[in-house]
Amino acid sequence: MVVPSQRVLLISFLLLLVSTTLVHAKGNKPKAQGGGGGSVDGDDAAAGDNVDETDDPATQGGRRQLDHGPVTYDARSVIINGKHQLLFSGSIHYPRSPVEMWPDILRKAKRGGLNVIQTYVFWNIHEPEKGQWNFEGNYDLVKFIRMIQDNGMYATLRVGPFIQAEWNHGGLPYWLREVPDIIFRSDNAPYKKHMEEYVTKIMKLMKDNKLFSPQGGPIILAQIENEYNAVQLAYRELGDSYVQWAANLAVGQNIGVPWVMCKQVDAPDPVINTCNGRQCGDTFVGPNKPNKPALWTENWTAQYRVFGDPPSQRPAENIAFSVARFFSKGGSLTNYYMYHGGTNFGRTSAVFTTTRYYDEAPLDEYAFQREPKWSHLKYLHKSINLCKKTLLTGIPGTQRLGPDTEVRFYEKPGTECAAFIANNHTTLEATVNWRGQNYLLPPLSISVLPDCKTVVFNTHQIVSQHNARNFVTSAKQMNWEMYLEPVATVEQVPVNNRELQELYGLLKDKTDYAWYTTSIELGPYDLPMKDTISPVVRIPSLGHAMVVFVNDEYAGSQHGTHAEKGFVFEAPVKMKKGTNHISLLCMTVGLPALTICILAMKDSGAYMEHRYAGPRSVTILGLNTGTIDVSANGWGHRAGLNGEKLQVFTEQGAQKVQWTKATGKGRALTWYKTTFDAPPGGDPCAIRMTGMGKGMIWVNGISIGRHWMSFLSPLGQPTQTEYHIPRAFIKPKNLLVVLEEEPSDPKDIEIVTVNRDTICSLIGQDYPGHVKYWDRKAGILQHAPGKSLQATSLLNCPDYKKISKIEFASYGNPDGSCGALTMGTCNAPESKKVVEDLCLGKMICTVPLDPKLFFKAGDPCPVINQYSCLFTQNIAKLRNTQTPAESLGFKTLPCIENTKSQHFYISDTVIPKLARDHRIEQAPQLDQLQEQSFGSMHVSKQTLDANFDTMHAIDT
């Protein structure tokens, strides 16, 4: 197969694509409390999985299966109790999910093949005020670590204290900012004093609870600092000495496990320097000493989002490729950041970061298994574990097989051998011969051969099922009441400072909101004489957002962005003779946390104590007497809103104000209140904020985070529309309160339940069989008796439900992605009946790819090419929008007829997958691409140019 560019998609024929609808199976086991549903996964006996006998102490399940004892390392790997380890880790942050969801999340992580859970420790939630510690509820770090162990996994503790994590202030408590003479993350005495007290406190807590591996606990690694190299140069020699001091502080804790520093090339001995990124198999410079192992502490499973962002994706195939490459090159630990992102409840997110965090992780925000990502990585782990002993003890070798192909192998001569055969070309498949056997490799893929002969897994060929997420309306057109937040003036907030105060210092991270008030006297000759002229208020601000009132009337709002926090508010206003009140409601949207933009220092981890926000000046233009600067006119300042002070979002507080019926669009800065019944069933819940602008949401007095529907992405859609309401927050009757900063009407707000009950399977005839049916016994690779070596379509229902309807089935050349499928030009008429006979009424079913099952009346498309066809019709799916491909400028090219081939590969989501798999940075330069041909079809550079930009933005 020859593909001229990643800007076209070549789709093979003869695939089985099945879409189903599910219903609950009566009388079966209910779902675990608190989280999203899970599949009756291949780990369950009913699915026919084999016991994994790969000598992995953390994959057998149960607390007693973990090896405990001293933890050391050498150049090959981390060593636990004298045994070298391959470690598959996932980041799960305890404060981003209610404690009721932890068991379900950790169980799914374990079933996904993980043997380590990584978490940060969040200083600002544990010590919000100096000396006042909180380890209760979902801040119970000890409980979380113990639960990891109870699920048969190890733990990595990233202490920070600066953690980034897109968390408010990078995890540093606000009070630290007000310590005299402090400079964060530097060789600065005040900072080092408080950092040492904090680190020592956390380490003592872990020791007292016997949570380190030498004590019998699960913690095998700890991290000090976080990506400090990104800001180290800003501190010059004080940065260099700080790194040394931080390493000595960590090692001096004597916890009995190794310490790491991520993205710290000069990590002092014995601290291990580790890699963060998407492609550490290619980008990591390696350990800085020959006795240290190659560890990957952050393998980004997608990209976190800020308000105003378009959707971001990272396909399962790309993650699997990067992990297989890393382990093939001698890596021994990868950590998925995030494995479950969860929710930034309340005001916990960093500047402009959405409430939803890493929803594209293997476990989505609601703790559902995102398929095929979750299962594809699970099977990757299984395939690498089948190579474990050989990887850890064999002699490595590399052989170039072609310009873009290579094999990396580990061998113990005469006994064991394991190999990874790679095709590094991003668009062309390849057939290679190694040791007398031919292997077909799809583009940008690695095949895993645990015995150097048998392909048990290919990173590009997904045999796992797919699913699609559904939001089902539970309550809408609710009865809303409203309460107008009083607009503060100098009468309520008297002048207390001549000039405008800095916003961070005014708020002290207790609220997002602060009032700035002043007044100005105007005479009859100050005002414009013409009705066509109005005074204009101009307010440059350092961020983040602002609502302006003049004489109690809404004048408008403005905000910055994640990239540029500052903005200038300008709007015409109505002024009168006499006293005029100017009221500014200034807002933050999280405190800065990121360690990027070193030169601009806009949002970095350097000198965070010197970041500022809020209005810089206020001037009035268009008056007869000229422009007036009122910046030093004398200003009143007050942090917080009246509704916050009264806690009108609680049952008790709501009774302290007068509510009226909400009709139509309300004034800016309005509180809305209603009630709703608990949605039936056990599915996770969310609120869809259609029609709203910006503000915050409370359910039964608990803030579920900031909403921002009016900040649209370049695609013209809100970055986040649904906001998670955990079942743990829901009662039979529920109080819902929304603070809305913009003129809005709540009539279209909906309570929805969430499921992933749409499941699909897309399998190609040349795909390898399920790796789950392979095992290694006595050093010999063996296949489970009675299980097919060929690929089969295996469907597993979530939450013990049964398949109630086959919505779509096609054996031929179907089109589309899971949840949006269409027939192609070739289809076996028996397809749907075959699948119905095999699957209806079952929780689990297997459909073999056997032409005899489907071609009862002969091959329905004998003259159609069984190799290559380009589909671009009606498959583009943008966020919340389905758009015909033709309207996006795509071209529809015909299939090639009369061409036969033995090999092909299949896309799981057609063009969306193309845009995900072959990212622009991986593509060959288009200006180097001449008109090329494959088969009898030609695709020109101009055609590719016309189609690519839209394809790159497609979201699956």
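Mentor: Asp757 is buried, with a relative accessible area of 14%, where buried means under 20% relative accessible area, exposed over 50% and partly exposed in between (1.4 Å probe, protein chains only). This is a predicted model, in which local features need pLDDT of at least 70 and side-chain atom pairs count only at pLDDT 80 or more, while totals for chains, interfaces and linings use all residues. Residues are numbered from 1 along each chain as its sequence is written, and side-chain values use heavy atoms, with hydrogens and water left out.

Asp757 belongs to strand β38, residues 750–764; strands are DSSP runs (E, at least two residues) numbered from the N terminus. Its side chain makes a polar contact with the side chain of Lys801 at 2.7 Å; such a contact is a pair of N or O atoms within 3.5 Å, and within protein one must be able to donate a hydrogen and the other to accept it, residues adjacent in sequence counting only if both atoms are side-chain atoms.

Turning to nonpolar packing, the largest nonpolar core has 176 residues, and Leu157, Ile687 and Leu736 have the most contacts inside it. A core is a set of buried Ala, Val, Leu, Ile, Met, Phe, Trp, Tyr and Cys residues joined through side-chain atoms within 4.5 Å. A second, separate core of 31 residues includes Tyr504 and Met575.

As for charges and rings, the charged end of Arg96 sits over the ring of Tyr357, 3.7 Å from its centre, and that of Lys673 over the ring of Trp659, at 5.2 Å. The criterion is NZ of Lys or CZ of Arg within 6 Å of the ring centre and within 35 degrees of the ring normal.

Note on methods:
Helices (H or I, at least four residues) and strands (E, at least two) are DSSP runs, numbered from the N terminus.
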